Amino acid sequence: LTRPPLFNPSYPPLLSSPSSPPSPAMTVLNVGGIFKVSIDNCKDLVRKGSHKSDPYVQVSYGYKKLLVTPEIGNTQFPVWKFEDEIYLHGKVKDSQVLTFTVWDKELLLSAFNGKVDIPLKHIVDEKTIEKTYKLEAEAHEDEEDKDKKKGDEYIGTIDLKIEYIPQETAPAGMKELNIENYKNEPIHGVLDFDIKEATKLMKGDKMGKSDPYVVCKITKHKITTTPVIGNTLYPVWKFTDRVVVKGVLLNDTTLDVEVRDKDMIGSDLIGAIAIPMTELMEKGEVGGNFPLYVKDKKGDVSEHGHLNATFKYKKSFPGSADEGDAKEVDFGDLQAKKWKKEGHKDYTK
C-alpha cells in the first residue's frame, strides 16, 4: 500500500478547523513577456580549495532551470558576455524571484559559489535592470556560522542586465515556461503539531490489530514522529511538538502525515493525508477529524479510518520566544546539499 497521489479531485477536501482565520489577500503579479538576460561577468569569486574556479551561471525560477551560461575554466574573474531570452507567463505572487546561481564546475560535482535573487515585480515594473550585484552566500553549514548575518560575507559580484518586453504570446521557436507551475514560497516560522488520536484504522496484521504511529514529512524529510502504540486500531497519542522550519518550498509542497503500522522490520503505511503548505501558511491553522486514505497495488484508493489532529503555522524570526529551543529544519540547507550532489545535472526534472 502506498500514499495516494496528491490533489486528486476525487478525494474529499481537507477538513479545516472552523476557527481558522480567513486567508489574507494575495497580491498577484501577472507576468507575460520576453525576458532578455545578459550575464556579463563575475569578479572576486571564492576559491574552492587550492585551485581557481571553473565557473558558470544558472538562471532559475523556483527550482526550474531556465538558462545556463558556458563554463569558463580556471578563473575567479570570468567574462561570459552571455545573452539569451525566454518567454515567461502566468499569475504569481509578487514576492517571486529569478535566481542567478554561480557554480564551480568540478570533475564529478558542481560547488555552490554564490547567488542573487531578483524580484520579478522589480523586473516587470522597471522593464530594464542593469546592475552589479553582490553575490550572497548559501545557508550556514557549520554551527559557528549560525550567527553570521546575511550579507556579512563577501564572495564576489555579478554584472547582469535583464530586459522585460510585455507580449501576449511567445514568439515562434522561443523557449517558453508557465511559471505558475514552478512558484516557490519563502518560509520561516514555527510549526506546531497536536496529534490526538485515530479511529477505525486498517488492520495491519493477521491478528486484526496494528501497532500504529504517525510520522510527518515535508519534501520527504521527516519532521516529527509520535510514539508507537501497540495492538490497537484506536490509538490515543495526545502528542504535541514544535519545529522551526525555514527556507524555500515549492508552491505544491505538502505536509505529508502518514499513519504507519510498526513491524519487526520496518513499517507499513495504513493511512495518509496531505496538507498543502500554502494553505497552512495562509490560514495559520488546519485541523479536524481527517479521513485517511491508502492506495493498493492496483491503484484503487480507499478510506480507512480517521485522524484527529491540528497543525498550526506562525511566522517567526531567529531567537524569538516562539522558537525557543525547538528543533530546526532548514530547507535551504537540504536544497544546498542536493545541489552540491546534483549541480552538474538538470536537478529540476
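In the hairpin of strands E11 and E12, 2 residues lie between the strands, and Thr219 has a positive phi near 50 degrees. Strands (E, at least two residues) and helices (H or I, at least four) are DSSP runs, numbered from the N terminus. The model is a predicted one, in which local features need pLDDT of at least 70 and side-chain atom pairs count only at pLDDT 80 or more, while totals for chains, interfaces and linings use all residues. Residues are numbered from 1 along each chain as its sequence is written, and side-chain values use heavy atoms, with hydrogens and water left out.

Buried means under 20% relative accessible area, exposed over 50%, and partly exposed in between (1.4 Å probe, protein chains only). Two strands count as paired if DSSP finds at least two bridges between them. E11 pairs with E12 (residues 221-225) in the antiparallel sense over 4 bridges, and Lys217 stands opposite Lys222 in E12. With strand E14 (residues 254-262), E11 also runs antiparallel, joined by 7 bridges; here Val214 faces Val259 in E14.

**Nonpolar cores**

A nonpolar core is a set of buried Ala, Val, Leu, Ile, Met, Phe, Trp, Tyr and Cys residues joined through side-chain atoms within 4.5 Å. The largest core has 36 residues, of which Ile195, Leu255, Leu307 and Phe311 touch the most other members. Elements that give two or more residues to this core include E10, E11, E14, helix H2 (277-283) and E17. Leaving aside neighbours within four places in sequence, Leu255 is in contact (heavy atoms within 4.5 Å) with residues including Phe193, Cys216, Ile273, Leu280 and Phe311.

**Aromatic pairs**

Rings of Phe, Tyr and Trp (its six-membered ring) pair if their centres lie within 6.5 Å; planes under 30 degrees apart count as stacked, over 60 as edge-to-face and the rest as tilted. The whole structure holds 3 such pairs. Two of the pairs are tabulated here.

| Pair | Type | Centre to centre | Angle between planes |
|---|---|---|---|
| Phe35 and Tyr164 | tilted | 4.9 Å | 55 degrees |
| Phe193 and Phe311 | edge-to-face | 6.0 Å | 85 degrees |

Phe193, in strand E10 (residues 184-199), and Phe311, in strand E17 (residues 301-315), are 118 residues apart, and their pair links distant parts of the chain. Both Phe193 and Phe311 are buried. Together with Phe290 they form one aromatic cluster. Phe35 lies in strand E1 (residues 28-43) and Tyr164 in strand E8 (residues 157-166), so this pair ties together parts that are 129 residues apart in sequence. Phe35 and Tyr164 are both buried.

**The open sheet**

E1 and E8 also belong to an open sheet of 5 strands, in the order E7-E8-E1-E4-E9, with mixed pairing. Its edge strands, E7 (128-134) and E9 (176-178), each pair on one side only. Within the sheet, E1 and E4 (residues 79-93) are antiparallel over 13 bridges, and Asn41 stands opposite Val79 in E4.

**Cysteines**

A disulfide is taken as a pair of cysteine sulfur atoms within 2.5 Å, and the count by this rule is 0. Cys42 is buried, with a relative accessible area of 1%; Cys216 is buried as well, at 0%.
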